[in-house]
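Visitor: I am new to this structure and would like to learn how its descriptions are reached. Could you show it to me and take my questions?

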Amino acid sequence: MPEVTIALEGQDEELAVFGSRDQHLRQIRDALGVKVLARRGEVRIEGNSARVEQARGIFEGLRSRHRSRKPVSSADVADLIDRALQPPGEPGGVEIREGNRVVRPRTGGQDRYLRALRDHALVLCVGPAGTGKTYLAVSYAVQLLRQGKIKKIILARPAVEAGEHLGFLPGDLEAKINPYLRPLLDALHDLMPYDQIRRYMDNDLIEIAPLAYMRGRTLNDAVIILDEGQNATVSQMKMFLTRMGQDSRIVVTGDVTQVDLPPATPSGLADAVERLKGVPGVAAVTLDRTDIVRHPLVQAIVDAYEPVEVVPRELEETIGIPAHPRVHGHGHGHAAAPPGDDGANGDGDEAEAG
């Protein structure tokens, strides 16, 4: 059986490559199906020759990262694994570089999304939790700001509560809307230190605002990101999209299966995807369960809840997600269509970026 031995230098390098309690070793072993043996001062890899070479490249990448005095995390290991397993010739050239961090698409859907962000002034991204909708949009905006291609990032979100009434929130405007914009801020904190974010906000390079405060503004030289766009009404979405000024880009993200609006109120994101279909300069990108990159359980959770999720009917043909509740069969893994619905597939199809 083919094997490769990699010599390591010192305990610090061992810890960086092995990970806490050998976490990185298990991560690589499980992803590639190779046998990994860790001994003091070396790591030995056994298995299929192609997989052994891929594992060797990953370990060399971890060692090189440590020697460049960069921290090594499980996310870095996952990134090296994804690059090693990427089939030759598969699209993967789009990436975001922010300081020492490189953000690359991990799935085909994310690759389409990044290309849409690069090539279109308005991008509507629909997908379930954990597909990187918000993170990739914020990462791309930060890159453009660093490169001097825009002058400002504006982060907005509808102030709609998810089935709960929080009541009066103390503090100034920023303190009141902070809970609603937390996902956007989390993405920022992953890309730059807190003091730098605060400095950018104090200098008005980054602005956070509730959707309602967008009315009447013209936003030039900016990337404007609306998160949780499914909770904007149709009139709010029209108001937001028409804020676009010269040399600006707009990104709207959301999950149309998690609408917190009153039952009779149409989702502005669902309406925009249908209404702007085919408009030049507009891209509608759909991500699905195969694009989930959070904890592996998130994909199982999305699948488990899928039978009771309802997508607005107007989206069925536009983005390939059924409008009716999905019902899964239990015999052979096929989706059972509801009575009277011929040929509806519960899995849905991916839509290409427009």
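Visitor: Why is glutamate 14 called buried?

Guide: A word first: what you see is a predicted model. Buried means under 20% relative accessible area. Glutamate 14 has a relative accessible area of 13%, so it counts as buried.

Visitor: Where does glutamate 14 sit in the chain?

Guide: Glutamate 14 belongs to helix 1, which covers residues 10–18.

Visitor: Which residues is glutamate 14 in contact with, leaving aside its neighbours within four places in sequence?

Guide: They are Leu8, Gly19, Arg40 and Gly41. Each has heavy atoms within 4.5 Å of glutamate 14, and that is what contact means here.

Visitor: What can you tell me about glycine 41?

Guide: Glycine 41 takes a positive phi near 85°. Its place is in the hairpin of strand 2 and strand 3, with two residues between the strands.

Visitor: How do you know that strand 2 and strand 3 pair?

Guide: Pairing needs at least two bridges. Strand 2 and strand 3 (residues 42–46) have five bridges, in the antiparallel sense, so they pair. Within this pair of strands, leucine 37 stands opposite arginine 44 of strand 3.

Visitor: What makes strand 1 and strand 2 edge strands?

Guide: They belong to an open sheet of three strands in the order 1-3-2, paired antiparallel. Strand 1 (3–7) and strand 2 (35–39) each have a single partner strand, so one side of each has no neighbour in the sheet. On average, neighbouring strands of this sheet are turned by 15° against each other, direction ignored.

Visitor: Which helix packs on this sheet?

Guide: Helix 3 (residues 49–67) does, touching strand 1, strand 2 and strand 3. The direction of helix 3 makes about 10° with that of strand 1.

Visitor: How many helices and strands does the chain have?

Guide: There are twelve helices and 13 strands. Of the 354 residues in the chain, 45% are buried, like glutamate 14.

Visitor: What share of the accessible surface belongs to carbon and sulfur atoms?

Guide: The accessible surface of the chain is about 18200 Å², and carbon and sulfur atoms hold 50% of it.

Methods: Residues numbered from 1 in each chain as written. Predicted model: local features only at pLDDT ≥ 70, side-chain atom pairs only at ≥ 80, totals over all residues. Heavy atoms only, no water. Helix = DSSP H or I, 4+ residues; strand = E, 2+ residues; numbered from the N terminus. Axes fitted to C-alpha atoms, helices over the stretch in contact; angles between N-to-C directions. Buried < 20%, exposed > 50% of the residue type's maximum accessible area, 1.4 Å probe, protein only. Areas by Shrake-Rupley, 256 points an atom, 1.4 Å probe, with all protein chains shown as cover.
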